[in-house]
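Please read the following briefing alongside the sequence and the coordinates.

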Amino acid sequence: CLRLTEGSASEVAENLTDLFGEGIVISASDKWAPHGFSTPNEPRLDETIGFLKSTDEKDELHHWWIGDVRGARTPEWDLASTCRINGKNGLVLVEAKAHQSEMNSDHCPTKDKRNIKQITIAMAEASEKWNDLLQERAESFGIKLSHSLKLSADAHYRLNAQLAFAWKLADMGIPVVLVYLGFTDAWELLEDHCVIFKNLDQWRTCVIEKTKRLIPEELWDTTYSVNGTPLTVLIRSAYVEIPE
């Protein structure tokens, strides 16, 4: 992600626009993080300047996930950027992986019981709303869902948190595109005996197979309407050359 965002603002904006597609336009004046090797920190939407317009939006997102627990923080993103989504200001949020083991299940890292309770409440709300969206889409296409979605802090926590955040932002009236990005041909990881991704199809299969017990396959590569605000979930791949 650092190499993907390294270069002039116009170069990075063009590369990101080409990568994400789907009506997403990123210009040199947009804000993204990380910003190359000079500014490598991963962003938190309620802390990093430039992603949410107002203090009220930051406070709403923070309180929804954290509650009143002091010192707790919202999750980081591998890459986030402001953008235009079909002409409207929005956010593109990226979770990136480079080998199959990174898709193994993970658990909520916090040990604070009050924090876990608040996260569980937030995930329960997001699960209910996501299932409404999935069911509405299934009915409109005359298909049957493979199963319902249940976001959890106990399995695939990071992905579940990201799906919850994407819904919450859309519920706040902010258009969102959530991208699950697989880096292909990450040859530098072969010496660690990692199983890398060769192409988009292999990456897509890995995502679906690793998460299918919790997340219905029908969720991916679709745009939903959250009270009129678009929420899109995409699986994408990219090759980023790493110099020897």
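A crossing of two helices is called left-handed if the near helix is turned anticlockwise from the far one by less than a right angle, and right-handed if it is turned clockwise. Helices (H or I, at least four residues) and strands (E, at least two) are DSSP runs, numbered from the N terminus. The model is predicted, and local features therefore need pLDDT of at least 70, side-chain atom pairs count only at pLDDT 80 or more, and totals for chains, interfaces and linings use all residues. Residues are numbered from 1 along each chain as its sequence is written, and side-chain values use heavy atoms, with hydrogens and water left out.

**Helix packing**

Axes are lines fitted to C-alpha atoms, for helices over the stretch in contact, and angles run from 0 to 180 degrees between N-to-C directions. Angles under 35 degrees count as roughly parallel, over 145 as roughly antiparallel, 65 to 115 as roughly perpendicular and the rest as oblique. Contact means heavy atoms within 4.5 Å. For residue classes, Ala, Val, Leu, Ile, Met, Phe, Trp, Tyr, Cys and Pro count as nonpolar, Asp, Glu, Lys and Arg as charged, and the others, Gly among them, as polar.

- Helices α3 and α4 pack with their axes 9 Å apart and at an angle of about 65°, so α3 and α4 are roughly perpendicular to each other, and their crossing is left-handed.
- On the α3 side the contact with α4 is made by I119, M123, E125, A126, K129, W130 and L133, which meet Y157, N160, A161, L163, A164 and W167 in α4; by class, the residues of this contact of α3 with α4 divide into ten nonpolar, one polar and two charged.
- Helix α2 (residues 55-66) packs against helix α4 (residues 157-171) at an angle of about 140°, the axes lying 11 Å apart, and that makes α2 oblique to α4.
- The crossing in which α2 passes α4 is right-handed.
- From α2, the residues E60, L61, W64 and W65 meet Y157, A161, A164, F165, W167, K168 and L169 in α4, and the contact of α2 with α4 has nine nonpolar, no polar and two charged residues.
- Between α2 and helix α3 (residues 113-141) the packing angle is about 110° and the axes are 6 Å apart, which makes α2 roughly perpendicular to α3.
- In that pair, H63, W64, W65 and I66 of α2 meet N115, Q118, I119, A122, M123, E125 and A126 of α3, and by class the contact of α2 with α3 has seven nonpolar, three polar and one charged residues.

**Cysteines**

A disulfide is taken here as a pair of cysteine sulfur atoms within 2.5 Å. For accessibility, buried means under 20% relative accessible area, exposed over 50%, and partly exposed in between (1.4 Å probe, protein chains only).

- By this rule the count of disulfides is zero; C1 is in none, and the nearest cysteine sulfur, that of C83, is 16 Å away.
- C1 counts as partly exposed, at 25% relative accessibility, whereas C83 is buried, with a relative accessible area of 1%.

**Backbone geometry**

- Most residues other than glycine have a negative phi, and most peptide bonds are trans.
- A cis peptide bond, with omega about 0°, joins A33 and P34, and P34 is placed in the loop between β2 (32-33) and α2.
- H156 has a positive phi, near 45°, in a residue other than glycine; H156 is found in the loop between α3 and α4 and is buried, with a relative accessible area of 10%.
- D221 is not a glycine and yet has a positive phi of about 55°; D221 is found in the loop between α5 (200-211) and β6 (222-226) and is partly exposed, with a relative accessible area of 31%.

**Single positions**

- A238 is in strand β7 (residues 229-238) and counts as buried, at 11% relative accessibility.
- Leaving aside neighbours within four places in sequence, A238 is in contact with L19, L181, G182, F183 and T184, and the C-alpha atoms of A238 and A96, 142 residues apart along the chain, are separated by 9.8 Å.
- N104 is in the loop between β4 (88-97) and α3 and is partly exposed, with a relative accessible area of 39%; leaving aside neighbours within four places in sequence, N104 is in contact with H156 and K210.
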